[in-house]
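This report is meant for someone meeting the structure for the first time. It takes up the strands, the charged pairs and the nonpolar core in turn.

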Amino acid sequence: ALNSRDSSSAIAGNQWDALDFGEIEKDLAAKTSDEDIRGVLLSIDAVNNLKRVRLTNCINISGAGLDPLRESTIIQQIDLSLVGDHE
């Protein structure tokens, strides 16, 4: 049987150390807002857990949604690429 960590969402690492919006459909990523990003970051306690965030194709954000990461001492990478790796 799978435990909850094994069946985690496709866009997140097993322990919320990475959050990759490049793994969701392009049209959904394009509709993602700063408020959406902020809500996800708060719900996973990103300031204390997240090391990498990839916001590929999230063209509808200004960056304000990243505010929950402001005091992070563990964040290593924020990728704001407009296209994915193989586009």
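A salt bridge, as the term is used here, is a side-chain nitrogen of Lys or Arg within 4 Å of a carboxyl oxygen of Asp or Glu. The model described is a predicted one.

Between E2 and E3, the parallel pairing runs over 3 bridges, and Arg 54 stands opposite Asp 79 in E3.

**The charged pairs**

Side chains of opposite charge can pair when their charged atoms come close.

| Pair | Distance (N to O) |
|---|---|
| Arg 52 and Asp 17 | 3.9 Å |
| Asp 20 and Arg 54 | 3.4 Å |
| Arg 54 and Asp 79 | 3.6 Å |

In the salt bridge between Asp 20 and Arg 54, distant parts of the chain are linked, since Asp 20 belongs to strand E1 and Arg 54 to strand E2, 34 residues apart. Both Asp 20 and Arg 54 are buried. Arg 54 also meets Asp 79 in a salt bridge; because Arg 54 lies in strand E2 and Asp 79 in strand E3 (residues 77–79), this pair ties together parts that are 25 residues apart in sequence. Asp 79, like Arg 54, is buried.

Arg 52 and Asp 17 form a further salt bridge through their side chains. Arg 52 lies in strand E2 (residues 52–54), while Asp 17 is in the segment before strand E1 (18–20), so the pair ties together parts that are 35 residues apart in sequence. Arg 52 is partly exposed, with a relative accessible area of 33%, and Asp 17 is partly exposed as well, with a value of 25%.

**The nonpolar core**

Which residues have the most contacts inside the largest nonpolar core? This core has 15 residues, and those with the most contacts inside it are Leu 19, Phe 21, Ile 37, Leu 41, Leu 50, Leu 55 and Leu 69. Leaving aside residues up to four places away in sequence, Leu 55 touches Phe 21, Ile 37, Ile 61, Leu 66, Asp 79, Leu 80 and Ser 81.

Key. Residues are numbered from 1 along each chain as its sequence is written. This is a predicted model: local features need pLDDT of at least 70, side-chain atom pairs count only at pLDDT 80 or more; totals for chains, interfaces and linings use all residues. Side-chain values use heavy atoms; hydrogens and water are left out. A nonpolar core is a set of buried Ala, Val, Leu, Ile, Met, Phe, Trp, Tyr and Cys residues joined through side-chain atoms within 4.5 Å. Buried means under 20% relative accessible area, exposed over 50%, partly exposed in between (1.4 Å probe, protein chains only). Contact means heavy atoms within 4.5 Å. Helices (H or I, at least four residues) and strands (E, at least two) are DSSP runs, numbered from the N terminus. Two strands pair if DSSP finds at least two bridges between them.
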